[in-house]
Amino acid sequence: MAPFRIPVSCRVSAVSRVFVLYLAWLVFLLAACPVFASEQAAQWRVVSDKDGIRLEARRIPGERFDELRVTTSLQASPKTIADYLLGKYLDEKNKNISRTFIQRGPDMALWSDVLSTSVASDRCYSMRFERHALANGAMRVTFVSLDYAGRKPMPDCIALRARGEWTMTPTGAGTRLTYASLTDIGGSAPAFLVHRSLASAAVSSVRKVVAGSSGLALPRGIGD
């Protein structure tokens, strides 16, 4: 497995910013069933609660990084949000990502990505999104990472693990949206950068879905 590479001349602040953007796009691609459920999992703790978006985290035994949960409310319907997740959400372009769709339909999508940045080894992963109808009009879009489907462009491309879910529960005013995710980016990335960046990326991902499914312009910096 190739080591995580950061040029010695880079300042931590600059690397942190690029790493946040890198992980933000990573999390944007992810979205699944209750994540790594465990009777021994710690209680959720509030990390931030600002502008109607609540971020929580908890430790999962045996995992390197926290499971994250983000909740918010919006006026779009559960179906509209699910349609966005399986549609435009996956079609967003990014200069750092090479994507190949393997199978795609209105209720399921399977694809492979190679994500390249200047501060880390490439990440190669395949991902599966799947829509599930729940009771009382609620919906869930699950995701899980799979073994990479296709020929890796570089032999040292690092595998990524992730799974989680987007749960859309109808309310009188619209939808209560809950995003949960547990991600291990692999490699030997500095823990302090990963913890902070994954949390920032999770909130950014929710902001993107709120804007996109509501027909609004994406928040500045998210669509870069």
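Modeller: R99 is partly exposed, with a relative accessible area of 21%, whereas its salt-bridge partner D113 is buried at 0%; buried means under 20% relative accessible area, exposed over 50% and partly exposed in between, with a 1.4 Å probe and protein chains only. This is a predicted model, in which local features need pLDDT of at least 70 and side-chain atom pairs count only at pLDDT 80 or more, while totals for chains, interfaces and linings use all residues. Residues are numbered from 1 along each chain as its sequence is written, and side-chain values use heavy atoms, leaving out hydrogens and water.

The closest N and O atoms of R99 and D113 are 2.9 Å apart, and the pair links strand β4 (residues 97-104) with strand β5 (residues 108-115), across 14 residues of sequence. Helices (H or I, at least four residues) and strands (E, at least two) are DSSP runs, numbered from the N terminus. Salt bridges that share partners also join D49, R54, E56 and R69 into one network.

The whole structure holds 16 salt bridges, each a side-chain nitrogen of Lys or Arg within 4 Å of a carboxyl oxygen of Asp or Glu. One of them pairs D66 with R45, at 2.4 Å between the closest N and O atoms, and connects the loop between β2 (53-58) and β3 (67-74) to strand β1 (residues 45-50), 21 residues apart. Here D66 is buried at 11%, while R45 is partly exposed at 40%.

Another joins R131 to D83 at 2.8 Å, linking strand β6 with helix α2 (residues 78-85) across 48 residues; R131 is buried at 15% and D83 is partly exposed at 32%.
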